Structure formats: structure tokens, C-alpha cells
Amino acid sequence: MATKLSYQNNIYALQDGETVLDGLLRHGQDVPNSCKAGACQSCLMKAQGSSLDSKAQEGLKETLKAQNFFLACQCVPDEDMDVSLPSLAETTIEAEIIYKEQLCHNVVALRLKLLGEFSCRAGQYISILRNGTSVVRSYSVSNLFEQDGFLELHIRRIESGAMSVWACDEAKAGDKIHIRGPAGDCFYLALNEDQSFPLLLAGTGTGLAPLEGVVLDALKQGHKGDIHILHGALKEDDLYHVDMLQALSEEHGNLIYTPCILNRGNHKSGFHIGPLDQFVMQALEPLDKTELRTYFCGAPDMVNLLKKKAFLAGVSSKNIFSDPFLIRERKEAGSKAETALS
Amino acid sequence: MTTLYERLGGQPAVDTAVDIFYRKMLADDNVSPFFDETDMDGQIAKQKAFLTMVFGGPSNYTGKDMREGHKHLIEKGLNDSHVDAVIEHLGSTLKELGVADADIAEVAAIANGARDDVLNR
Ligand SMILES: Cc1cc2nc3c(=O)[nH]c(=O)nc-3n(C[C@H](O)[C@H](O)[C@H](O)COP(=O)(O)OP(=O)(O)OC[C@H]3O[C@@H](n4cnc5c(N)ncnc54)[C@H](O)[C@@H]3O)c2cc1C
């Protein structure tokens with residue numbers, strides 16, 4: 001059934017089966033969006049008076065659900081709707097960049113001080129809104145916010161990317177932004193008292209950010225089982241936090257850190273050379289699969305491959321946590337929403 | 001009188017069965033290509049709905065959903081042999097979980113009832 005949207009004092013017709021987001025974009029409206037898969041929550045909108053199905057609100061905080069917020073990319077209305085963009089005051093918190101650090105040639109860390117009430121678990125993600133633009137993108141939390149009093153994000157520079165180029169090249173301490181969130185279920189859960197179950201975490205590029213967060217949280221909560229963390233990159237200079245993670249694993253006997261690079265080059269010893277999935281499967285092999293919890297983050301193709309391989313090796317689906325860093329497709333590109341971070 | 005769904009163990013049984021069942025499907029070269037481009041979490045949720053239905057449980061999976069959900073796979077060559085394979089994996093999953101043969105036959109019959117919807121006939 002064809003439905004109509006009322007948005008900013010205009011009426012827009014939707015095509016059969018079309019989402020609110022696709023419809024508004026097709027009519028030339030500038031609605032913030034990124035992953036188009038219901039993950040990043042960039043396309044948050046508010047409905048006036050309509051009843052929303054659960055899919056359109058999946059993953060939103062209860063407070064947002066109660067106020068009729070929904071994800072435009074997941075909403076195919078079956079009746080006419082009156083929709084609006086959320087105001088900053090309703091859904092975001094202001095934050096100030098307090099520190100910026102170059103982690104490797106194409107990744108920066110930003111530390112944010114939040115100027116409002118906020119809480120999150122390390123490994124969850126937040127959305128950043130760049131002041132004065134409609135750009136909204138998700139980034140994962142790599143540290144223990146409660147303990148540190150600030151949020152740390154790792155942002156990889158993507159050529160001509162609207163947010164990451166700004167974050168890497170222009171953003172500086174003192175700048176203000178707005179954030180929304182947190183969201184996501186990639187975080188540590190103690191589960192049982194002895195905390196002796198094994199953990200395996202793997203990812204490429206800035207997929208390390210949430211994984212580091214989960215590791216820090218697990219160590220802080222006194223996790224006793226083995227913790228394997230594998231970080232993959234194309235070449236050695238794409239890896240970062242190598243010294244930090246090596247030092248952390250020397251300090252904690254149950255933390256095993258494996259840096260992996262795909263291409264042989266002038267590398268130091270201690271790096272594994274080859275595809276990440278190969279080393280993940282090697283690490284996984286001897287672990288107790290019925291207890292093992294895995295976390296996979298970063299480039300979507302690798303995340304999906306690792307999930308599938310871990311599952312086929314016997315890891316229970318409820319113990320596989322993941323955040324594929326889904327990336328907005330370029331306008332010219334084909335219709336696949338999930339362009340992989342190479 | 002207990003229903004088939006209750007005899008099989010209800011929702012916890014579905015949760016246990018889904019991993020075994022989906023693992024068999026992914027490991028079967030005959031049917032796994034149909035799952036290649038789909039995300040695993042979404043697939044597992046769908047398989048849960050499917051298992052709940054064929055276990056005779058409270059399900060809102062309709063024949064129309066079945067038709068819509070498989071249309072694009074028919075273009076890729078989905079046919080009777082794949083439906084047979086699914087029913088077989090379902091049977092061996094339940095056998096592993098110690099389900100009685102009579103109940104397995106009942107589940108297979110319900111699954112078979114969806115065949116025409118799945119194959120859009
Ligand atoms: C849940 C979630 C968590 C995330 N967490 C993080 C995180 O912790 N750190 C992080 O760095 N990112 C993270 N991302 C990705 C992030 O949200 C942005 O998508 C990314 O930073 C790009 O945004 P942009 O505005 O710079 O680029 P955009 O303006 O969105 O444009 C990117 C364009 O570049 C193209 N492109 C995509 N990949 C590449 C590539 N590898 N090389 C060149 N071009 C490419 C695409 O076609 C796309 O059109 C996460 C994403 C999700 C969904």
C-alpha cells in the first residue's frame with residue numbers, strides 16, 4: 001500500500017515497501033544516515049502519533065522508544081506518518097574534545113569530556129554529530145568511561161570521508177560536538193562468579209577500539225579465563241597500540257595478544273604474517289567451545305567471515321558478539337549498503 | 001494432552017536446536033550457497049521463527065512470509081531437493097536431541113506443508 005509522509009510542512013509519497021529514509025532521500029531531503037542497516041542509529045527520527053512496529057525501534061534506548069523515536073532506515077510504514085528530525089536538545093549531549101593523539105599514520109584517538117549525564121559500557125558505540133553539519137557517524141568506546149571520566153574513540157581516516165577526515169585533520173582539543181547513544185551489545189558480561197570462561201576477540205583496523213574496551217573491562221572485573229585478542233592489518237604500520245597491548249599482556253598472565261599482518265614486509269619479529277581468520281581459528285581450536293565468548297569488530301567482510309567460522313567450529317550463536325563497522329555507500333556506487341572497510 | 005511444541009521442550013528447545021540445525025545447513029554445500037550473502041544474526045532469528053512454527057509453537061510466520069522470504073532464492077535455483085535437505089537436517093537435529101521418531105515425523109510433516117509456499121507454487 002502506498003503511504004504518505006508529512007515532513008517539514010510538505011507531503012511526500014512513499015513507494016510500495018520503501019523505507020521512510022529511502023523515500024525522503026529520493027525526494028531530495030537531507031536526512032542524516034550512514035549504515036542503512038539499523039545499527040548506527042544515525043537516521044533517528046520522531047513520529048507524531050503513529051504506532052511504530054518493533055523493528056523500527058530495535059536497539060533504541062527505552063527513553064527514546066517511549067518518546068516515539070524510530071530509525072528511518074528500518075521503518076516501512078503501513079499507514080501515513082507525520083515525521084520530524086530530532087532536536088539536538090532532545091536526543092544528544094554536548095561533548096568537548098579534551099585530547100587528541102595520532103595512534104598510527106591513519107588513526108587518531110579522541111578523548112571527549114561529556115557536558116551532561118551519560119553512562120556506557122566499554123565496547124558500546126556512540127554517534128557523533130559534527131556541529132553545523134548533518135553528518136552523523138558511529139564510533140566505538142575503547143575505554144572505561146566510569147573510571148576515566150572521559151570517552152576515548154579511535155577514528156580511522158577514510159579518504160574524503162565526511163566525519164573521519166574532519167576528526168583526523170581538523171578536530172582539536174577545545175572543539176565541541178554532540179553525541180548520542182550509547183548502543184550495541186559488544187561489551188563484557190561477567191556471567192558467572194568464577195569468570196573462568198575463555199574470551200576471544202578479533203578485528204581489523206579500528207575494530208580494535210571496542211575490543212580493547214572489552215578487554216579493559218574484563219581485566220578490571222577480574223576475569224580469570226584466558227583472554228585472546230588478535231588485531232589484524234594489512235601492514236605493520238597500520239597496527240597501533242602494539243606496545244600498550246604487549247605491556248598489558250605481560251602484566252596479566254591470562255591475556256594473550258597476537259598482532260597479525262597480511263603482507264610480509266620489514267616487520268619486527270613477533271608479528272604473525274597471514275590472514276587474520278587463520279590465526280583466529282588457530283587460537284580458537286584448543287578452547288572450550290561450549291563456554292567460549294567471541295567478539296568480532298571492524299571491517300564487515302572479516303567480521304562476517306569470523307562469525308561464520310567460529311559458529312561452524314562449535315561456538316554457540318548466543319556467545320558470538322560483533323560490531324561490523326558498516327560504512328555509508330557512495331552515491332555513485334552500486335546498491336549494496338554494506339561496503340567493507342578494506 | 002500436551003502439544004507437540006510442549007513435548008519438544010518449548011522455547012528452550014528451539015534455542016538449542018537452532019544452532020545445531022543452522023550449523024548443519026551451513027556445512028551442507030548443497031544448501032549453504034543460499035545463505036552466503038545473509039548476515040548470521042538475522043538468519044538465526046529467522047531459523048528460530050521457522051523452528052517454532054514447525055514445532056507447532058506460537059508462531060507469526062505466515063505462508064505469505066514464506067513466499068516473500070524465498071522468492072529471490074528461487075531465481076538462484078531453489079528447488080525441491082533443497083527443501084528435502086532442510087527437512088533431513090531438521091530430522092537429524094531432532095534425533096541428536098533425543099526426540100522420539102513419531103514427533104520427528106510430525107515436525108517433518110509440518111515443514112513439508114510449507115513446501116509449496118517456499119517454492120512459490
Ligand atoms: C556500529 C559501528 C561502529 C563503528 N565504530 C567505528 C570506530 O570505532 N572507529 C572507526 O574508525 N569507525 C567506526 N565505524 C565506522 C564509522 O561510523 C564511519 O562509517 C567511518 O568513520 C566513515 O565515515 P566518514 O564520514 O569519514 O565517511 P563517509 O562520508 O561516510 O564516506 C565514506 C565513503 O568512503 C568509502 N569507503 C568505505 N570504506 C573505505 C575504505 N576502507 N577506504 C576508502 N574508502 C572507503 C565508502 O564508499 C563511503 O562512501 C563504526 C560504524 C558502525 C556502524
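Strands, as the word is used in these legends, are DSSP runs of E with at least two residues, numbered from the N terminus. The model shown is predicted.

**View 1. The shell of residues around the ligand.** Of the strands of chain A, S9(A) provides the largest share of the shell around the ligand, with four residues. In total 24 residues surround the ligand, and the closest are A:Arg137, A:Ser138, A:Tyr139, A:Met163 and A:Ser164. Sorted by class, the shell around the ligand holds 12 nonpolar, seven polar and five charged residues.

View 2. An N or O atom in the side chain of A:Ser164 lies 2.6 Å from an oxygen atom of the ligand, and a polar side-chain atom of A:Arg137 is 2.7 Å from an oxygen atom of the ligand. For A:Arg156 a polar backbone atom takes part, at 2.9 Å from an oxygen atom of the ligand. The ligand taken alone exposes 990 Å², and the protein buries 90% of that area. Strand S9 (136–140) and strand S10 (151–156) of chain A are the elements that give two or more residues to the shell around the ligand.

**View 3. The contact between chain A and chain B.** Ten residues of chain A and nine residues of chain B make up the contact, and the area buried between the two chains is about 910 Å², with carbon and sulfur atoms giving 59% of it. One salt bridge is counted between chain A and chain B; A:Lys307 forms this salt bridge with B:Asp41, and their closest N and O atoms are 2.9 Å apart. On the side of chain A that touches chain B, helix H9 (300–312) and strand S17 (320–324) each supply at least two residues, and H9(A) gives the most, with four residues.

Note on methods
Residues numbered from 1 in each chain as written. Chains lettered and ligands numbered in written order. Predicted model: local features only at pLDDT ≥ 70, side-chain atom pairs only at ≥ 80, totals over all residues. Heavy atoms only, no water. Contact = heavy atoms within 4.5 Å. Buried area = accessible area lost by both parts, 1.4 Å probe. Salt bridge = Lys/Arg side-chain N within 4 Å of Asp/Glu carboxyl O. Near = heavy atom within 4 Å. Polar contact = N/O pair within 3.5 Å; in protein donor to acceptor, adjacent residues only side chain to side chain. Areas by Shrake-Rupley, 256 points an atom, 1.4 Å probe, with all protein chains shown as cover. Nonpolar A, V, L, I, M, F, W, Y, C, P; charged D, E, K, R; others polar.
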